[in-house]
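Look at the sequence and the model side by side. The paragraphs below walk through them.

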Amino acid sequence: MNDPIWLMLIKGVLVFVVLVLLVLFTIWYERRVVAIMQVRPGPNRNGPFGLLQSLADGLKLAFKEDVMPRTADKVVFIAAPVIAVACAFTAFAVIPFGPEVNVFGIETELQLTDFEVSVLVILACSALGVYGIVLAGWSSGSAYSLLGALRAAAQVISYEIALGLAVLTVFFQSQLMSTGAIVEAQAEGLPLQFGGAEVTLPGWYFIILAPSFVIFVIAMVGETNRAPFDLPEAESELVAGFATEYSSLKYASFFLAEYVNMVTMSALCVTLFLGGWAAPFPNAWWPGANEGFMPLVWFFGKVLAFLFFYVWLRGTLPRLRYDQFMRLGWKVLVPVSLVWLMVLAAMNIGLDTENELPTRIAFAGGAAIAVMALIFFWPSRKPYEVPDEPDTGLGGYPVPPLDLAVPPNPRALKELEPANTSAVPVNGSRPTEPMSGSQASPTGKEE
C-alpha cells in the first residue's frame, strides 16, 4: 500500500475512533442484551436508550482514586495495562473494512495496512497482549492476582495452539497469509464434480472448513478471557483475578483492552471464515453491493453478530471449572484440530490429483476411515469409583495451597513491618496499658 503519509494518519485516527466507539457501544449492547435475557430494563437513563451509560462509567473510572499497593513492582505494574492496550489496538491495523475506494481523489483500500503475513501480526499481538495480564498479576503483590496471572499464562499456551491450528487450515486452503488476499479468495466459489455434474459451493471458508470455524470460535472466546472462559479474573474465586489491585484508569485500560480484543477477534473470524466485507448474498442479486463504502455495512454487521454471540454466551453459560477448561483445550480442541488438518490435506490431495476417480476415492475414503477409527477408539472416561475415605471437601481436584505467598519484590528497598493488630481497639476507644504484676479483680481489689 503506497498511500501518502497524511492519508495513513487519517486512517489511523479513524481506526482508533471506530474501536473506541465500538467499545462504548459493546458495553451498552452487552448490558441491554443480558437485561433482556434476565427480564429487566438495563441501562436506560443516560442518553437515549441509555447509550451514554458506557461514557458515564468511563468518566467515573477516570476520576476515581488511583491506588498502588506498597508491595507492587511499580514499573511493571504501570507497564502491564499499557502493553495490553497497545497490543489490542495494533492488531486491528491489518483488518480490511472494504475494497478500494476513492478518497480525496486518491485510490486507496479501506484498510490501514496489509502485507503478505498480516494474519500472523494479529496472532502475535493477541499472544503478546496476554503478557499484560500475566505481568499485571505478578507485579501486584497479591496472592489472588498471582493466581490469575498463572491461569492467564496457561490459558494463552493452551488455546493459542488450537487457534493457530484453525488458522493454519485457512492458510492451507487459500495458500495465502494476507488478510486482504484471503477475503478476495473467498469471493470465488469452489467447483466440485460429483458423478459428472459440477457443483459450485460458496467460497466462504466457514462452509468448506466448518470444523476449523467451530474450533476457532471456541478458542477465540478462551483467548479473549470471556465467559465462560474468564478464569484469570474469576470474581467468585479470585476477587477480580489479575485486576484485583488495579483502580482508576489502569483498571479501565484492562476493560478497554478486553473489549477491543473482542472486536478484533470477531473481525478476524469474519475475515477468515465469513468472506470479510463481502455481502452475505450472491453478487447477481445486487451488483453494487460490494462496491464503494457499502461493504462497511456488511462487515460491521457480521462483527456485531459475533459480539452478540459473546454476550449470549455470557448470559447463558456458567463459568467452567479450571480443570474442565484445560481439558477442553488440550484433550479436545488440539487433537481434533490436528486430525482435521490431516484429513483436509488428504482430501485436497485427492481432489487436486491428476489421476482419475479411483485415486480421489482412495484419498477421500482413507480420510473418512481415519476419522471413524478415531471416533471408535477414542478413550472413554473411567467409571466413577467410590473412594475408601470420605471426601475432605475439596472434591479431589487440585487446589492452591492455603499458605500461598507472593514472591518478594526484587526492587523493594526494605521489608514491610507487620501491622500491630493487638493494639487496635475493637470499639474505637483508646487502648489501655497492659497490667503488670497482679491482675485486678472485677471488684477493683488486687488478688
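Phe49 lies in the loop between helix 1 and helix 2. Helices here are DSSP runs of H or I with at least four residues, strands are runs of E with at least two, and both are numbered from the N terminus. Phi of Phe49 is near 60 degrees, which is a positive value in a residue other than glycine. Phe49 is exposed, because its relative accessibility is 61%. The terms have cut-offs: buried means under 20% relative accessible area, exposed means over 50%, and partly exposed is in between, using a 1.4 Å probe and protein chains only. The loop between helix 1 and helix 2 (53-62) also holds Val39. Phi of Val39 is near 55 degrees, again positive in a residue other than glycine. With a relative accessible area of 77%, Val39 is exposed.

A word on the model. It is predicted, so local features need pLDDT of at least 70 and side-chain atom pairs count only at pLDDT 80 or more, while totals for chains, interfaces and linings use all residues. Residues are numbered from 1 along each chain as its sequence is written, and side-chain values use heavy atoms, with hydrogens and water left out.

Now take the whole chain. It has 13 helices and four strands. Of its 447 residues, 41% count as buried. Contact means heavy atoms within 4.5 Å. Among contacts in the chain with a separation of 6 or more, 74% come from residues 24 or more positions apart.

One pair of helices shows such a meeting of chain segments. Two packed helices are described by the angle between their axes and the distance between the axes. The axes of helix 1 (residues 5-37) and helix 10 (residues 248-273) come within 9 Å and cross at roughly 95 degrees. Axes are lines fitted to C-alpha atoms, for helices over the stretch in contact, and angles run from 0 to 180 degrees between N-to-C directions. Helix 1 and helix 10 are therefore roughly perpendicular to each other. By the cut-offs, angles under 35 degrees are roughly parallel, over 145 roughly antiparallel, 65 to 115 roughly perpendicular, and the rest oblique. Helix 1 makes this contact through Leu19, Leu22, Val23, Thr26, Ile27 and Glu30, and helix 10 through Leu256, Tyr259, Val260, Met262 and Val263. Nine of the contact residues are nonpolar, one is polar and one is charged. Ala, Val, Leu, Ile, Met, Phe, Trp, Tyr, Cys and Pro count as nonpolar, Asp, Glu, Lys and Arg as charged, and the others, Gly among them, as polar.

Zoom in on Leu22 in helix 1. Is Leu22 buried or exposed? Leu22 is buried, because its relative accessibility is 12%. Leu22 and Val260 are 238 residues apart along the chain, yet their C-alpha atoms are separated by 8.1 Å. Not counting residues up to four places away in sequence, Leu22 touches Val263 and Phe300.

Helix 10 also contains Thr264. Thr264 counts as buried, at 2% relative accessibility. Leaving aside neighbours within four places in sequence, Thr264 is in contact with Ala88, Ala91, Phe92 and Ile122.

Next, the cavity. The structure holds one cavity of 30 Å³ or more. The largest cavity has a volume of about 260 Å³. Among its 21 lining residues, Gly129, Ile133, Glu223, Ala257 and Asn261 are the closest to its centre. Helix 3 (74-91), helix 4 (118-139) and helix 10 each give two or more residues to the lining. On a 1 Å grid over the protein atoms alone, a cavity is a set of points where a 1.4 Å probe fits but cannot get out, and lining residues have an atom within 4 Å of a point.

Definitions and conventions. 1 Å grid on protein atoms, 1.4 Å probe; cavity = no way out; pocket = protein on both sides within 12 Å on 5 of 7 lines; lining within 4 Å. Points joined across faces, edges and corners; volume = space filled by probe spheres on them.
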